[in-house]
Amino acid sequence: MASTSPETWFKNAVVYAVDVETFNDSNGDGVGDFPGLMEKLDYLDRLGVSALWLLPFYPTPNRDNGYDVADYYGVDSRLGTLGDFVEFMDEAEAHGIRVLVDLVVNHTSDQHPWFQAARRDPDSKYRDYYVWIEERPPPDPERGTVFPGEVEDERVWTYDEEAGAYYYHRFYPFQPDLNLANPEVRAEIYRIMKFWLELGVSGFRVDAATLMIQPKHPDAEQLDDPHEVLRSLKRHAVARRSDAVLLAEADDAPGELASYFGDGAEMDLLMNFVLNAHLVAALATERAAPLAEGLERLPPADVGQWMNFLRNYDELNIGRLPTDLRETVFDRFAPEEDMRIYGRGIRRRLAPMLEGDERRIKLAFSLLFSMPGTPMLLYGDEIGMGEDLSLPGRTSVRTPMQWTDEENGGFSTADPDDLVLPAVSGGEFGYESVNVAAQRAEAESLLNWMERLIATRRESTEIGEGEFSVLEADDPCAFAHRYDYDGNSVVCVHNLADETCSLEFDLELREGDALYPLLGTADHARHDDGSCAVTLEEYGYIWLRLHRTGAGSGGHSSA
């Protein structure tokens with residue numbers, strides 16, 4: 001089978017999202033750090049992930065989980081030193097694990113030296129690094145802060161006494177937006193990218209990509225070519241490293257998403273918020289229709305790829321679902337008001353949403369990893385971690401990684417009161433019962449199953465690069481699809497309901513064709529007419545590989 005080229009390595013990658021400060025504390029101060037992350041590279045290697053996405057680790061006042069950056073060229077002192085980062089990168093490369101870092105250049109912290117200089121001196125070049133007006137315009141119902149209900153005044157202009165003017169921000173007032181129409185700001189961004197690429201990162205997650213291309217000044221008209229901002233990032237990234245990848249946080253209307261790929265000259269990957277919401281809706285309703293509808297809403301990703309996920313560090317955003325379907329998801333997965341946020345999202349982890357039922361959790365991840373695109377896994381979801389709803393906002397799903405049943409879940413030797421966030425303790429999802437060490441010893445644990453799932457996905461080039469099609473299923477609870485690539489096929493069948501279902505598909509099997517399972521234990525049988533029958537137990541799934549007689553020699557072994 002043809003192999004993925006170095007420049008498209010991301011098509012068959014499995015990405016693991018990790019927040020350094022909550023992953024592993026090496027020095028007992030209660031905060032995770034780069035030496036601690038480096039200690040866990042063997043774990044990540046065994047898990048099978050091929051790339052890490054690191055949340056911002058730059059110097060920061062840390063009022064928004066590090067997304068309020070005060071220095072783009074360093075490491076926050078709580079997390080280690082720049083030398084620690086370099087050593088971590090060397091070890092990650094030795095393990096064959098790539099690293100993507102957050103490029104947070106829609107805005108800075110108000111403590112960034114650029115903003116401080118802009119406030120002090122209206123004649124400074126840094127004044128034009130941000131967006132200022134003398135008089136605040138009236139509220140715009142179409143444009144408020146992106147965190148409704150989180151700030152008292154949701155208008156996007158805040159008065160600065162020292163500057164004697166209003167500055168623009170779409171996030172919190174302590175995160176002033178950069179003026180990306182300024183060529184000097186663009187040049188600063190290119191230098192930032194070059195710096196981290198020189199240190200070995202394989203690319204960037206472009207934070208707030210949709211906001212970056214919107215006009216920020218009330219008198220500004222929409223640019224003739226707003227996507228040039230993003231295309232320029234791609235040009236400078238590949239000029240420094242030919243296999244550099246840009247992953248965009250582009251939460252835009254489905255009809256606008258194709259433009260972010262830019263015919264191959266812009267973003268390589270887009271976070272798939274559309275599919276995320278519809279996949280979760282399918283799990284909530286136990287019906288395949290929402291998932292099929294979500295796939296139909298997506299534009300073709302002919303020159304790039306979707307990054308698919310079930311949960312990330314933020315809220316589970318279901319705001320783009322139809323109203324009735326959104327309410328159904330809320331009722332099923334977030335029935336209590338404190339489980340919801342911003343009127344559009346759920347602030348829970350996946351395992352508690354699925355009531356800790358491993359059948360449903362495995363079904364959900366099997367579906368995720370079989371979707372067209374690159375799968376992303378949030379740290380801790382491989383063991384079924386829970387959330388802490390007593391914590392404010394999005395921090396409910398950012399609690400420390402649970403390594404053992406020791407105090408603090410083995411995350412840190414610090415006093416529990418000194419942890420960066422409290423570890424989840426007690427109950428069904430506390431570290432005493434949900435942790436890596438316990439699951440490592442259980443052959444059929446979620447963790448060991450997840451290793452098999454990841455290995456199977458990485459072996460299945462058909463999913464990353466093949467032609468995708470949905471198979472007709474006469475049971476509304478079943479979703480079936482296939483990929484065809486280089487003479488082979490992978491067929492995936494999932495039962496979303498708690499009752500058995502039987503299906504039959506015409507796979508045009510010929511004498512001598514091999515059909516064998518890759519993942520799952522469902523009953524399957526081939527018929528003389530070239531069809532295949534599959535019987536799935538409740539929440540069952542199966543991945544099958546079809547190897548054609550005389551096809552290329554690229555078939556893979558079963559995981």
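1. Helix H15 (residues 446–459) is mostly covered, since 10 of its 14 residues are buried, where buried means under 20% relative accessible area, exposed over 50% and partly exposed in between, with a 1.4 Å probe and protein chains only. Among the buried residues of H15 are Leu446, Leu447, Trp449, Met450, Leu453 and Ile454, together with Asn448, Glu451, Thr456 and Arg457. From its first C-alpha to its last, H15 reaches 20 Å, close to the 20 Å expected at 1.5 Å a residue; the expected span is 1.5 Å times one less than the number of residues. Helices (H or I, at least four residues) and strands (E, at least two) are DSSP runs numbered from the N terminus.

2. The model is predicted, with local features needing pLDDT of at least 70 and side-chain atom pairs counting only at pLDDT 80 or more, while totals for chains, interfaces and linings use all residues. Residues are numbered from 1 along each chain as its sequence is written, and side-chain values use heavy atoms, with hydrogens and water left out.

3. Strand S22 (residues 541–547) is also mostly covered, with six of its seven residues buried. Strand S17 (residues 488–495) runs antiparallel to S22 and is joined to it by seven bridges, two strands being counted as paired if DSSP finds at least two bridges between them; within this pairing, Val490 has Arg545 of S22 as its bridge partner. Strand S19 (residues 514–520) pairs with S22 in the antiparallel sense as well, over six bridges, and the partner of Gly520 in S22 is Ile542.

4. The whole structure holds 36 aromatic pairs, a pair being rings of Phe, Tyr and Trp (its six-membered ring) with centres within 6.5 Å, and planes under 30 degrees apart counting as stacked, over 60 as edge-to-face and the rest as tilted. The rings of Phe34 and Phe85 have centres 5.3 Å apart and planes at 90 degrees, so this pair is edge-to-face. Because Phe34 lies in helix H1 (residues 34–39) and Phe85 in helix H3 (residues 82–94), the pair ties together parts that are 51 residues apart in sequence. Both Phe34 and Phe85 are buried, and one aromatic cluster includes these two residues along with Trp114 and Trp196.
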